[in-house]
Amino acid sequence: MNPSWWLQEEEFAGEEHLDENYVAAYDAKAEVDPAEDVESLVSLGLGSSSLLVDLGAGTGVLTLAAAATGADVIAVDVSSPMASAIRRRATEKRLGNVAVVQAGFLSYQREGRPADFVYTRNALHQLPDFWKVIALTRVSRILKPGGHLLVRDLVFDMEPNDVEVGIDEWMSGAVEDQARGFTSQELADHVRKEFSTYSWLLWPMLERCGFEILDTGFRRAAYGTYLCRRKFE
């Protein structure tokens, strides 16, 4: 049992992610193409003998694409509508190698075989930094030594004195149609209400939690990618 001070992740997931109508329209809004990430994971060994845990799996876009390689995939999401969407899609595609768990970074329990890969996209930013560290520590425990973690998230790659210019430049990419992307109002809400951290804070968090950082990349100083490997103990 978790102590009384333990964070309840569903309260931080964002009301929209708990709304069935929003979830149904999410793929058109987010326009996520999993091909590049699946290719990267395959180059690292993802295949029929692998186990991948997709944390914060959303509607399961990466889960389903990774499962097509023959890997066993566990999709984990704190949102009931998101988890239901993944189950439905996996059933429609007759993917018997997909399991779905309604849980979060702080509540998912892994038993048995450790994962070869953990993937997470645009979910870690929903946790304050104190809880990111706990989440990443838990991730390291479910990965085998030498296993890989691929993180894609909103991470601000900018110095404190550059924040105003940097955020304005990021928000300049907003769209008008909220059904086809994220509006300036939604991006502003993200900065105010969610917990995207700085790149120079996330790096030591990952190292402290047992990861070796193999590669990083940023797009528009906000969309970060971290390829990590769990250290051998």
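Visitor: Which residue in strand 3 is the bridge partner of Ala 75?

Guide: Strands of a sheet pair through backbone hydrogen bonds, either parallel or antiparallel. In this predicted model, the partner of Ala 75 is Val 100 in strand 3. The pairing of strand 2 (residues 72–77) with strand 3 runs in the parallel sense and covers 5 bridges.

Visitor: What is the order of the strands in the open sheet?

Guide: The open sheet has 7 strands in the order 3-2-1-4-5-7-6, and its pairing is mixed. Its edge strands are strand 3 (98–102) and strand 6 (211–219), each of which pairs on one side only. On average, neighbouring strands of this sheet are turned by 15° against each other, direction ignored.

Visitor: Which helix packs on the sheet, and which strands does that helix touch?

Guide: Helix 6 (residues 129–142) packs there, touching strand 1 (51–55), strand 4 (115–121), strand 5 (143–154), strand 6 and strand 7 (223–230). The direction of helix 6 makes about 140° with that of strand 5.

Visitor: How many residues lie between strand 6 and strand 7 in their hairpin?

Guide: The hairpin has 3 residues between the two strands. In the turn, Arg 220 has a positive phi of about 55°.

Visitor: At what angle do helix 6 and helix 9 pack?

Guide: A helix pair may be read by its angle, its handedness and its contacts. Helix 6 and helix 9 (residues 199–208) pack at about 35°, with axes 9 Å apart, and their crossing is right-handed. From helix 6, Asp 129, Lys 132, Val 133 and Leu 136 meet Leu 201, Leu 202, Met 205 and Leu 206 of helix 9. By class, this contact comprises 6 nonpolar, no polar and 2 charged residues.

Visitor: Where do helix 7 and helix 8 meet, and at what angle do their axes cross?

Guide: The axes of helix 7 (residues 163–171) and helix 8 (residues 184–193) come within 10 Å and cross at roughly 145°. The crossing is right-handed. Ile 167, Trp 170 and Met 171 of helix 7 are in contact with Ser 184, Leu 187, Ala 188, His 190 and Val 191 of helix 8. The classes in this contact are 6 nonpolar, 2 polar and no charged residues.

Visitor: How many cavities of 30 Å³ or more does a search of the whole structure find?

Guide: The search finds 1 such cavity, and the largest cavity has a volume of about 40 Å³.

Visitor: Which residues line the largest cavity?

Guide: The lining consists of Leu 124, His 125, Lys 132, Asp 153, Leu 154, Val 155, Ser 196, Thr 197 and Leu 202. These divide into 4 nonpolar, 3 polar and 2 charged residues. Lys 132 and Leu 202, among the lining residues, also take part in the contact of helix 6 with helix 9.

Definitions and conventions
Residues are numbered from 1 along each chain as its sequence is written. This is a predicted model: local features need pLDDT of at least 70, side-chain atom pairs count only at pLDDT 80 or more; totals for chains, interfaces and linings use all residues. Side-chain values use heavy atoms; hydrogens and water are left out. Axes are lines fitted to C-alpha atoms, for helices over the stretch in contact, and angles run from 0 to 180 degrees between N-to-C directions. Helices (H or I, at least four residues) and strands (E, at least two) are DSSP runs, numbered from the N terminus. A crossing is left-handed if the near helix is turned anticlockwise from the far one by less than a right angle, and right-handed if clockwise. Contact means heavy atoms within 4.5 Å. Ala, Val, Leu, Ile, Met, Phe, Trp, Tyr, Cys and Pro count as nonpolar, Asp, Glu, Lys and Arg as charged, and the others, Gly among them, as polar. On a 1 Å grid over the protein atoms alone, a cavity is a set of points where a 1.4 Å probe fits but cannot get out, and a pocket is an open set with protein on both sides within 12 Å along at least five of seven lines; lining residues have an atom within 4 Å of a point. Grid points are joined across faces, edges and corners, and a volume is the space filled by probe spheres set on the points. Two strands pair if DSSP finds at least two bridges between them.
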